[in-house]
Amino acid sequence: MNHSLDRETSRLNPALVWLAVVGIALVGLMAMSNTLLVELTASAPASVAQASLAPGTEGLLRQTASHLSKMLGGASVGGFPGFEPPKDDKEYQRKVRERDYKAQDVNDWAKEITNFLSQIVKKNPGMSLEKILQEQGLSEFQVNDFVGALKNLHTADGMKGSGVSAETVARLETLMEKLRVPTWGY
């Protein structure tokens, strides 16, 4: 009888061993996935980690930076990538690189910037641009760079001296006031 009991026990052992291995593996995988989840959350990009900004704000900031970049010869603005014209449009590349703009170009870009800023104000009422950029995860240097580019747009060379309509200038000034960005004044 002992011999038959040993035979049954030996049949169960592989199954028990297999269940134990699978159980240990599952516990290990669960622990690894929790660790990975914590690591992914901790290193998530600012747009994911910062939930206090309205949806769509990052795209609007990116578009604003891109249009400001056009006026800066394609330089990056506030940590956002610089504007790069299409590779097959050599004239547009030259225009941006050499800052050889027509008054209509600057007027159109300034109008777009005011449209983006208007949407940012609507989506994030009462927030300053500085706070919005900080919530986006930009460093102090990047915030200052972004705000500085916007202030420079407002200068005489950037606006009135380049053919930007008085309506666009006034609208930009109103938006800058709402976003608590001081203007250089004239």
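The legends below describe close-up views of a predicted model.

**Figure 1. Overall make-up of the predicted chain, which has 8 helices and 0 strands.** Followed along the sequence, the secondary structure reads α-α-α-α-α-α-α-α. Of the 186 residues in the chain, 33% are buried. When contacts between residues at least 6 apart in sequence are considered, 67% of them join residues at least 24 apart.

**Figure 2. Packing of helix α3 (residues 57-71) on helix α5 (residues 103-123).** The axes of these two helices lie 9 Å apart and the helices pack at an angle of about 160 degrees, which makes α3 roughly antiparallel to α5, since an angle over 145 degrees counts as such. The crossing of α3 and α5 is left-handed. On the α3 side, the contact is made by Thr 57, Leu 60, Leu 61, Gln 63, Thr 64, His 67, Leu 68, Lys 70 and Met 71, while α5 contributes Val 106, Trp 109, Ala 110, Glu 112, Ile 113, Phe 116, Leu 117, Gln 119, Ile 120 and Lys 123. Sorted by class, the residues of the contact of α3 with α5 comprise 11 nonpolar, 5 polar and 3 charged.

**Figure 3. Packing of helix α5 on helix α8 (166-178).** Here the axes come within 10 Å and cross at roughly 30 degrees, and α5 and α8 are therefore roughly parallel to each other, the limit for that description being an angle under 35 degrees. The crossing in which α5 passes α8 is left-handed. From α5, the residues that take part are Asn 107, Ala 110, Lys 111, Thr 114, Asn 115, Leu 117, Ser 118 and Val 121, and these meet Thr 168, Arg 171, Leu 172, Leu 175 and Lys 178 of α8. The contact of α5 with α8 has 5 nonpolar, 5 polar and 3 charged residues.

**Figure 4. The largest nonpolar core, which holds 37 residues.** Within this core, the residues that touch the most other members are Leu 61, Leu 117, Leu 129, Leu 133, Phe 146 and Leu 150. Two or more residues are given to the core by each of α3, α4 (90-98), α5, α6 (129-135), α7 (140-153) and α8, and the largest share, 8 residues, comes from α5.

**Figure 5. Surroundings of Phe 146, one of the core residues that touch the most other members.** With residues up to four places away in sequence not counted, Phe 146 touches Leu 61, Thr 64, Ala 65, Leu 68, Val 77, Gly 78, Phe 80, Leu 129 and Leu 133.

**Figure 6. Asn 107, a buried residue in helix α5.** The relative accessible area of Asn 107 is 10%, so Asn 107 is buried, the cut-off for that class being under 20%. Leaving aside neighbours within four places in sequence, Asn 107 is in contact with Gly 163, Val 164, Ser 165 and Thr 168.

**Figure 7. Two glutamates of helix α8, Glu 167 and Glu 173.** Glu 167 counts as exposed at 65% relative accessibility, whereas Glu 173, with a relative accessible area of 30%, is partly exposed. For Glu 173 and Thr 114, which are 59 residues apart along the chain, the C-alpha atoms are separated by 9.3 Å.

**Figure 8. Arg 99 and Arg 180, each with a positive phi of about 55 degrees.** Neither residue is a glycine. Arg 99 is placed in the loop between α4 and α5 and is partly exposed, with a relative accessible area of 49%. Arg 180 is placed in the segment after α8 and is exposed, with a relative accessible area of 53%, the boundary between the two classes being 50%.

Conventions: Residues numbered from 1 in each chain as written. Predicted model: local features only at pLDDT ≥ 70, side-chain atom pairs only at ≥ 80, totals over all residues. Heavy atoms only, no water. Axes fitted to C-alpha atoms, helices over the stretch in contact; angles between N-to-C directions. Helix = DSSP H or I, 4+ residues; strand = E, 2+ residues; numbered from the N terminus. Parallel < 35°, antiparallel > 145°, perpendicular 65-115°, else oblique. Left-handed = near helix turned anticlockwise from the far one by under 90°. Contact = heavy atoms within 4.5 Å. Nonpolar A, V, L, I, M, F, W, Y, C, P; charged D, E, K, R; others polar. Buried < 20%, exposed > 50% of the residue type's maximum accessible area, 1.4 Å probe, protein only. Core = buried A, V, L, I, M, F, W, Y, C linked by side-chain atoms within 4.5 Å.
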